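Student: I would like to go through the terms used for this structure and see what each one rests on. Please set the values against the definitions.

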Amino acid sequence: MITSSTLASLRRICFLISILGAMTTQRVHSAPQTRLLVDLSAKPAVWGLSAFDLCVLRIDAAVDLEAAHALGNKCLARVPIFEVPTNSAVALRAQSLGVPLLDGSIKGMSRLDATHPRWPSVVIHELVEEAAERGFDGVVLTELNTISHDAERAAVLHVLELLKSAYPDKLLFIENGFDLLSEGRRSLDGILLIEATEEGEIERTARRVRGANRLGVQPYVVAFADPENLSEIALRTSQLREMGGIPFFTTPALDGVNLGPLQEITRRILVLHSGAARESFTAKVLHGSLEWLGYEMIYQDAGLATSQDLLPAHIGVSGVILDQSLKLTEDRQKNLAAMVVTLVGQKVPLLLTGMPWQKEADILKVLPALGLRGTGQKTKLVENAAIRYADRVFLMDQGNLSARIDDLRDLQASADAQVLVSVHNGADSGSTHDQVFLSKWGGVWLDPLAAEAGPQVNPLTFLESWLSSHATAPVADTTSLDGRRLLVSQISSEGFADNTSLPEMPIAAEAMTDRILKRYALPFTIALCEGDLRGRTPGHEPREALRLKEAARTMLNLAEVESASNSYSRPENWQASPSLSGLLNASAPSEKKGFEREIMGSLAYIHREFLDRTDRLAVMSWPKGAIPTPEAVAFSRSMGVENAELLEQSIMAGRSPALAPRTWGHENTFQTLLKSSRSGDNLDAAAFIAEAQKQGQDRWLSPVQVTLNFTDVKTEASLKQVERVLDWCASQPLQAITVGNYASLARDAARTRIFQTSSKSWIIVNAGQARTLRLPANAGVPDLSLCTGVSGYMQQGDQIYIHTLGQRRTELVMREKPAIDHLRLTSSSSSIRYLEAASSRALLQVSNSRPVELSFDGILPGSIIQMIANGKPDYLMADTRGRIDFIVPGQATVQLRILPAHQSAMR
C-alpha cells in the first residue's frame, strides 16, 4: 500500500531527477566556447598560440610557451606512449629499466612493452616529465588506437591514474581511445576525437561526443574540411556545440591550418601579370590604395607558370586582377578565359586592367560571361575623340579631362554597370568606348597612361567600390599611432663629405648636425656610407677620414638619431654577383666584393666605429636609385635589420599621382618604401607641404615622410627649404618616429592576423608593434568595457582609429555609441607604454626628446581628474565634451584617476 509519505518521497525523487536532467541539458547546450587549435608542425605559427585558448602541439615543437601563458592560453603536448625512436634517450632508459623494445610500425622506431611493470615509470618520468619540464600545461596521450590486448589496456588505465596523481596541476587528455573512457574518466580532463576520413565518421563522432558528455569528460573534436568548400563548417560547429563538443576544423596534415569555427579574415589579391611585378599597372597605380585598404598583393608572373597553374591560382583570395602587362601564349589564353568564367560563377571580384586575349574565340567566350558588348579588339581608327561621360565622384582631379585614346578598345559595359569614364569616338559615324566601369562581377579599368600621366579615376575610391561586398573588418593602420599621423624622417648619405657655401665653410655632415639635427631635435634615421667615411668615394681623399668619422660620431651620439647603413660603396645593381660593388676612388684598396662586403661588412663597420655595444643598427637603407633584388633584401634581413628603399615617383605636371606603395615583398624579402620628398633634384618645400596636406586632409592616407640627403644643406637657399619643411612638420599634430620603428610597425601590420568572432567583434593577433586599428566610422566605437587590450580611439574624417596596448592579442568589440564613463586615450604626441588601464584610472609612461601632449576623453563633463606626472600631482577638470588636454615632460610616468563625485566636491 502506497502511503502519503511514500508519495511525497516519490515526488521529491522525480523533482530531483528533473533538476538533474535540466542541469545536464543546460551543460550540454552551453558548452564552453574554448578556441581549440591542433598544430603538429615542427615550428607552429606564433599567431596560433595567441589567438587560441587551447593549443595541442608536438612535444618537441619549437615554441615560446611563455608567450602563450602571458595571454592566459594553455598548451598541451601530444605524447606518443608506445613507440619511440630506437636510439633515443627514452629507449635507452627503457632498456636500462628492463622494459623490452619490440619492433615498431616503421623503420627506426621501437615499441615499448606496455605489459612490463616498469613501463609506467618510462611514461611518467621520461615522456610526460619532458613535457612538464618544458612548461606544457598538460599532455594528450596518443597511439591508444594501437592497443591490441587487455594487458595493454589495463596498463594504460593504470598509467592514467598514476599521471593524475603525479601531476595534479596538469591537464590530462587522451587522443581517441574512446573505449577507455568509461573506466578512465575519473583521471581525465578531456578527450581529443580526431575524425577519420572514412564514410560514416561524422555519425560516429556524434555518438562519441554524446557518450563523453554522459561520462562527464569534455570532448574536443578535430574535423577535416575542404579549404575550397567551407560552407558546412558553420552547421557542423553548431551541431557539435549543441552536443557539448568543442570543434576545430583543419586539413588532414594537422599542421595548424585553421578552417574554423574561428573565422580568419583574409585579404589577399591575386595579380596575374607578365614581366617584372614592380613595373606592372597594379604595382604603379593600385598597390598603394589596396595596401591602405588592408589587402596583401600576391603577384604571379603568368608567363612563368604552367598552364594548369592558372586555374587554381585564385584559391583563398579576395579578388583577382588581370594586369595590363599580362601576355600569354594561345593555350594559356584559353585557360585564362575558362578561369574568368569560373571566377564569375564563384563570385570572386575580378578586375580587368587590360585585355590579354588575342583570339576572337577566346574573347567571345569571356565577354558574354561578363555581360560585355563589343568585340574587345583595339580600335583602329580614332578621330575627334572626347569624354562622353565621367563620374565626378570617382575622379582623381576635378579639372577638365581629355580623352585617352591609347589602346582604345571596342567595349561597352552592360546596362546594369556603373560607368565611370566613357569616350566617344567620332570616326565612322561615332562609337562609344567604356574605359572604366564597375559591374556586379567586378570591374574594368582600361587606361594604359595612368601610371605615367596620372590616373583619371581615384584608385582608392574605385577599389573601395570594387571590394564593397566584403564584410567590414579592422585594418592594421600604418599611417598613425596613438591618434596622431606619423612623421618619418630619413637622411641619406649622398653628399655627406661635400663642402658647403655656409659661413665657416663646414662640410655638409657638420652643417646638418648644427643647423638641423640639434635645432629640431626630431627623430631622424641617418644612413651612412662606409666608403664616404673612409674617404674612398670618388672625389674624396683617405686623409679626410678622421674629420668625416668625427662628424659621423657627433651626429650619431645625438639621442634622437638612429643609425642606418647605405652599404659600403652604394652599388646601383644588386644582382647577386662576385663582382657586386659600387664606385670607389683609385686609392681605395682592393677588397672582397659582393653581398657580404656591401651589407654585412658595412653594418659591422658602422657598429664597431660609432656605436656602443648596447646600440644597434636598425635599418639597411638602400642607396638612391638602387632597386635591391629579393636575394639582397633577404641577405640584409638575415643580419637582423629592417630594409628601407627610397621610392621616386615622376608624374605629369598638374596631375595627382596614385597613392604610393608603402611596402613591398613578403617574409624575408619584405621592405618598407619611403616616398621621396622631392620631385626633381632639389627639395621644394611648398610642393612637399601641399602634397602632405592633401594626403591628410580627410583621411590619413600616408605618413608624412621627410627624406633628405646631405646635399640639401650645402647652400643657404637649399637649407631654407629644409627648414621650411621641418618648421611645418613641427607645427602639425604629428607623432615622430624613426625609420627603424616605422619599418617594424609596417612589418607587424603586414603579418597581423584578424579573426572574426561576431559581426561586431574580432580578435587581432600580432607582435604589438602595429598598435593602431582602423575601421569606417559607421562601424561604431569600441565598447571599452568588453574590449581587451584597447586604450582608446579617435575619429579622423570617415575613419575611426583605435589605439591598442601593444599586446600580442587584442579583442575588439564595437558598439553604436560611446560610453561617457570610461577613461580613454584620444591622442598623444609620443608613443605610450601602458602599465595599467581601467575605466577610471590609467598608469602609463612616455619617452620623448620633447614635452608630450596628451588628450583623454570619455569622462563625465565637470569631473575632476587627478594627474600625477613623475610624482608631482595636479588636478584637471573635464570640459563640456568630457575631455582633458595636458602636457607632461618628455620622460615621465603619468598616473590618471577620475575622482569620485564627493572627492571632486572637496577640491
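**Burial, rings and strands**

Tutor: Trp574 has a relative accessible area of 0%, so Trp574 is buried; buried means under 20% relative accessible area, exposed over 50%, and partly exposed in between (1.4 Å probe, protein chains only). This is a predicted model, in which local features need pLDDT of at least 70, side-chain atom pairs count only at pLDDT 80 or more, and totals for chains, interfaces and linings use all residues. Residues are numbered from 1 along each chain as its sequence is written, and side-chain values use heavy atoms, with hydrogens and water left out.

Student: Why does Trp622 count as buried?

Tutor: The relative accessibility of Trp622 is 1%, so Trp622 counts as buried.

Student: How many aromatic pairs does the structure hold?

Tutor: There are 16 aromatic pairs. Rings of Phe, Tyr and Trp (its six-membered ring) pair if their centres lie within 6.5 Å; planes under 30 degrees apart count as stacked, over 60 as edge-to-face and the rest as tilted.

Student: Why is the pair of Phe52 and Phe248 called edge-to-face?

Tutor: The ring centres of Phe52 and Phe248 are 6.2 Å apart and the planes stand at 85 degrees, so the pair is edge-to-face. Phe52 and Phe248 are both buried. One aromatic cluster is formed by Trp47, Phe52, Phe248 and Phe755.

Student: What makes the pair of Trp574 and Trp622 edge-to-face?

Tutor: The planes of Trp574 and Trp622 are at 85 degrees and the centres 4.7 Å apart, so this pair is edge-to-face.

Student: Where does the charged end of Arg774 sit?

Tutor: The charged end of Arg774 sits over the ring of Trp292, 3.7 Å from its centre. The term requires NZ of Lys or CZ of Arg within 6 Å of the ring centre and within 35 degrees of the ring normal. The charged end of Arg111 likewise sits over the ring of Phe82, at 4.3 Å from the ring centre.

Student: What is the bridge partner of Glu83 in strand 6?

Tutor: Arg111 is the bridge partner of Glu83 in strand 6. Strands (E, at least two residues) are DSSP runs, numbered from the N terminus, and two strands pair if DSSP finds at least two bridges between them. Strand 4 (residues 83-85) and strand 6 (residues 109-112) have three bridges and pair in the antiparallel sense.

Student: How many bridges join strand 43 to strand 46?

Tutor: Five bridges join strand 43 (residues 864-869) to strand 46 (residues 891-898), and the two run antiparallel. Met867 has Leu896 as its bridge partner in strand 46.

Methods:
Helix = DSSP H or I, 4+ residues; strand = E, 2+ residues; numbered from the N terminus.
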